[in-house]
Amino acid sequence: MIVLQTNFGDITIALDFDKAPKSAANFQQYVTDGHYDGTLFHRVINGFMIQGGGFDTDFEQKPTRDPIDNEADNGLQNRAGTLAMARTQDPHSATAQFFINVADNDFLNHSAKTVQGWGYCVFGEVVEGMDVVDRIKEVPTTRRGMHADVPADDVVIQRAYLKDDAGDA
């Protein structure tokens, strides 16, 4: 289990290493490396998703490791409460950014191994803290530079950790 401690409360995530082994391992490695600590949910669209993992609180993009292969053909669906890898138009460009679906987003599911059909790889789900996700999806948003749908007040992942490594937290 992974815990995202946010300034809105904790979100606990179960990763699916069986159906999305590369994506789950990639996300867990970023957690272990401390990459998500002090990052923002920088894109919030109620009725769609909340996205994070790429920008620090100064809105500077964080460096990442190499992209991973898209595993969206694993049968997992982009349903409310699931986590998926964010990416560019290139189906195999996911690095650290992820999103939590706040609605059933069937149009994001894999349909074919083509640029248009690859979809977005689901690799986990929220098992506790969906009330926190529901509060985040309601925040007022604005523009910040070239970015739209940015929370007007920062929504911060203060710390991300493996639940077994909670320590004093």
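1. A cavity is a set of grid points where a 1.4 Å probe fits but cannot get out. This model is predicted, and it holds one such cavity of 30 Å³ or more. The space in the largest cavity comes to about 60 Å³. Its lining counts 14 residues, and N70, M85, P91, A94 and C121 are the closest to the centre. By class, six of the lining residues are nonpolar, five are polar and three are charged.

2. Next, the open space. The largest pocket holds about 460 Å³. It is lined by 21 residues; R43, Q51, A86, R87 and Q97 lie closest to its centre.

3. Which strand gives the most to the lining of the largest pocket? The answer is β4, with four residues. Strands β3 (39-45), β4 (49-56) and β9 (147-151) each supply at least two lining residues.

4. Besides being among the residues closest to the centre of the largest pocket, R87 places its charged end over the ring of Y120, 4.1 Å from the ring centre. Another arginine does likewise elsewhere: R65 lies over the face of Y30, at 3.7 Å from the centre of that ring.

5. Now the aromatic pairs. The count comes to nine. One of them joins F27 and F123, with 5.1 Å from centre to centre and 50 degrees between the planes, a tilted arrangement. This pair links distant parts of the chain: F27 belongs to helix α1 (residues 21-32), F123 to strand β7 (residues 122-128), and 96 residues separate them.

6. Are F27 and F123 buried or exposed? F27 has a relative accessible area of 0%, so it is buried. F123 is also at 0% relative accessibility and therefore counts as buried. The cut-off for buried is under 20%.

7. Stacking requires planes under 30 degrees apart. Both F55 and F59 are buried.

8. F27, Y30, Y36, F41, F98 and F123 are linked into a cluster by ring pairs. The tilted pair of F27 and F123 therefore has both its members in this cluster, as both rings lie within 6.5 Å by the pairing rule. Y30, the ring under R65, is another member of the cluster.

9. Where does S111 lie? S111 sits in the loop between β6 (98-101) and β7. It is exposed, because its relative accessible area is 62% and the cut-off is over 50%.

10. Last, the record. An unreviewed UniProt entry annotates residues 1-162 as "domain: PPIase cyclophilin-type". In the model, the end C-alpha atoms of this span lie 6 Å apart. The span is 12% helix and 36% strand.

Methods
Residues are numbered from 1 along each chain as its sequence is written. This is a predicted model: local features need pLDDT of at least 70, side-chain atom pairs count only at pLDDT 80 or more; totals for chains, interfaces and linings use all residues. Side-chain values use heavy atoms; hydrogens and water are left out. Rings of Phe, Tyr and Trp (its six-membered ring) pair if their centres lie within 6.5 Å; planes under 30 degrees apart count as stacked, over 60 as edge-to-face and the rest as tilted. Buried means under 20% relative accessible area, exposed over 50%, partly exposed in between (1.4 Å probe, protein chains only). A charge sits over a ring if NZ of Lys or CZ of Arg is within 6 Å of the ring centre and within 35 degrees of the ring normal. On a 1 Å grid over the protein atoms alone, a cavity is a set of points where a 1.4 Å probe fits but cannot get out, and a pocket is an open set with protein on both sides within 12 Å along at least five of seven lines; lining residues have an atom within 4 Å of a point. Grid points are joined across faces, edges and corners, and a volume is the space filled by probe spheres set on the points. Ala, Val, Leu, Ile, Met, Phe, Trp, Tyr, Cys and Pro count as nonpolar, Asp, Glu, Lys and Arg as charged, and the others, Gly among them, as polar. UniProt positions are given in the numbering used here, feature names are shortened, and annotations may be inferred rather than shown by experiment.
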